[in-house]
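Work through the exercises below with the sequence and the model in view. Each task is followed by a stepwise solution.

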Amino acid sequence: MNQNEFINIINPFKDKVFRLAKRLLVSREEAEDATQEVLVKLWNKNESLGELKSVEAMAMTMTKNYCLDQLKSKRASNMTLVHSNYSSNEASLQKKVEDADSWQWVEKIIDDLPEQQKLIIQMRDIEEMEFEAIGKILEMNETAVRVALSRARKTIRETMTQTHNYGIN
């Protein structure tokens, strides 16, 4: 496989790999390193990529495993937390501030979810992956993925409701 063929294979999902890495590692720099590492590993396996059913699923699994290894390593304590600001297209400054605040709460709630639910929210709601693909990547039954997603969404919804209704009786 030449370089152009490899690029054509990985182009459709390389951004998904980065977003998954960023969700897990938080730091943009660490996510870029993880993405690069995964792509290098895929390039080293380029002769066998054609035999795979889904190169994307393989890449996402490699990304998940690499990121979890990084989080377990000593370097995890040296990572800097960098959050991107959410911006809205609304003209109202108040609306922009409210949206940014809500997005920060959702990000915080997602970060506080159990690791498995965090991954499932990222893959399903942000990456828009199918349940079957998520199940294969996380080595879970499709039904278990649906249940975990439902619980994660319920936690986010309840926490956001409590946050917005604070002090209102």
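**Exercise 1.** At what angle do helix H2 (residues 14-25) and helix H6 (residues 115-126) pack, and how far apart are their axes?

Solution. The model is predicted: local features need pLDDT of at least 70, side-chain atom pairs count only at pLDDT 80 or more, and totals for chains, interfaces and linings use all residues. Residues are numbered from 1 along each chain as its sequence is written, and side-chain values use heavy atoms, leaving out hydrogens and water.

Step 1. The angle between H2 and H6 is about 150°, and the axes lie 11 Å apart.

Step 2. H2 and H6 are therefore roughly antiparallel (an angle over 145 degrees).

Step 3. On the H2 side, Arg19, Leu20, Arg23 and Leu24 make the contact (heavy atoms within 4.5 Å).

**Exercise 2.** Is Gln117 buried or exposed?

Solution. Step 1. Locate Gln117 in helix H6.

Step 1. Its relative accessible area is 13%, so Gln117 is buried (under 20%).

Step 2. Leaving aside residues up to four places away in sequence, Gln117 touches Ala148, Arg151 and Ala152.

**Exercise 3.** In which helix is confidence lowest, and in which highest?

Solution. Step 1. The chain averages a pLDDT of 83 (the predictor's confidence in each residue, from 0 to 100), and 87% of the residues score at least 70.

Step 1. Helix H5 (residues 93-112) is lowest, at a mean of 83, and helix H7 (residues 131-138) is highest, at 92.

Definitions and conventions: Axes are lines fitted to C-alpha atoms, for helices over the stretch in contact, and angles run from 0 to 180 degrees between N-to-C directions. Helices (H or I, at least four residues) and strands (E, at least two) are DSSP runs, numbered from the N terminus. Angles under 35 degrees count as roughly parallel, over 145 as roughly antiparallel, 65 to 115 as roughly perpendicular and the rest as oblique. Buried means under 20% relative accessible area, exposed over 50%, partly exposed in between (1.4 Å probe, protein chains only).
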